[in-house]
Amino acid sequence: MSKITERIINRYVKIRKLLEYEGISVYSSKINCPFHNDLHPSAYIYEDETGDTIYCFSEAKVYYPYDLAVLYHIDVDALYVRIVDEKGLELPEVKPRRDKYLENIPSLAGHEIHAWFRGIKKLVELMDARRGIQG
Ligand SMILES: [Zn+2]
């Protein structure tokens, strides 16, 4: 799992939305901690422009939207792509797919490439010469 997916989800996905998605009604910021068998509400939702968090007082632990998404088996990669799309964010640069043919000569220096082309030219000349003899 890439770090960027986690960061984007933590930044933009609202804890309340995730709880609602799971069918949990949220009436206040105090909730039953989704991360342990919590019989009495011991967790608190902190809503923030830069990203929501849940703090569980019982566990003394901070949880993020990404943790909740994983807990609810949400496809985090699909969620990430949706956020990027909705927010008009630029996707991280994808490594360009190299041509299969070029992959075989990745480390040739300029003079080597020239020699390589000279070799091909010579081969073509030889083939032409042979064709000349045959024809
Ligand atoms: Zn907890």
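## A hairpin of E3 and E4

Strands E3 and E4 form a hairpin in which four residues lie between the two strands, and Ala-60, in the turn, has a positive phi of about 55°. The model described here is a predicted one. Three bridges join E3 to E4, and the pairing is antiparallel.

## The hairpin of E2 and E3

E3, which covers residues 53–56, also pairs with E2, and here four bridges hold the antiparallel arrangement. These two strands again make a hairpin, with six residues between them, and in its turn Gly-51 has a positive phi of about 135°. Across this pairing Tyr-44 stands opposite Tyr-55 of E3, and Ala-43 has Cys-56 of E3 as its bridge partner.

Strand E1, residues 30–31, runs antiparallel to E2, residues 43–46, and is joined to E2 by two bridges. In this pairing Lys-30 has Tyr-44 of E2 as its bridge partner, and Tyr-44 is also the residue that stands opposite Tyr-55 in E3.

Taken together, the four strands make an open sheet in the order E1-E2-E3-E4, with antiparallel pairing. E1 and E4, the latter spanning 61–63, are the edge strands, each of which pairs on one side only. In general, the strands of a sheet pair through backbone hydrogen bonds, in either a parallel or an antiparallel sense.

## Helix H4

Helix H4 is made of twelve residues, 76–87, and from its first C-alpha to its last it reaches 16 Å, close to the 16 Å expected at 1.5 Å a residue. Just after H4 comes Gly-88, which takes a positive phi of about 65°.

## Where H1 meets H4

Helix H1, residues 3–12, has an axis that comes within 9 Å of the axis of H4, and the two axes cross at roughly 60°. The two helices are therefore oblique to each other, and their crossing is left-handed.

On the H1 side the contact is made by Thr-5, Ile-8, Ile-9 and Tyr-12, which meet Val-76, Asp-77, Leu-79, Tyr-80, Ile-83, Val-84 and Lys-87 in H4. The residues of this contact divide into eight nonpolar, one polar and two charged.

Notes. Residues numbered from 1 in each chain as written. Predicted model: local features only at pLDDT ≥ 70, side-chain atom pairs only at ≥ 80, totals over all residues. Pairing = 2+ DSSP bridges. Expected span 1.5 Å × (residues − 1). Axes fitted to C-alpha atoms, helices over the stretch in contact; angles between N-to-C directions. Parallel < 35°, antiparallel > 145°, perpendicular 65-115°, else oblique. Left-handed = near helix turned anticlockwise from the far one by under 90°. Contact = placed C-beta atoms within 7 Å. Nonpolar A, V, L, I, M, F, W, Y, C, P; charged D, E, K, R; others polar.
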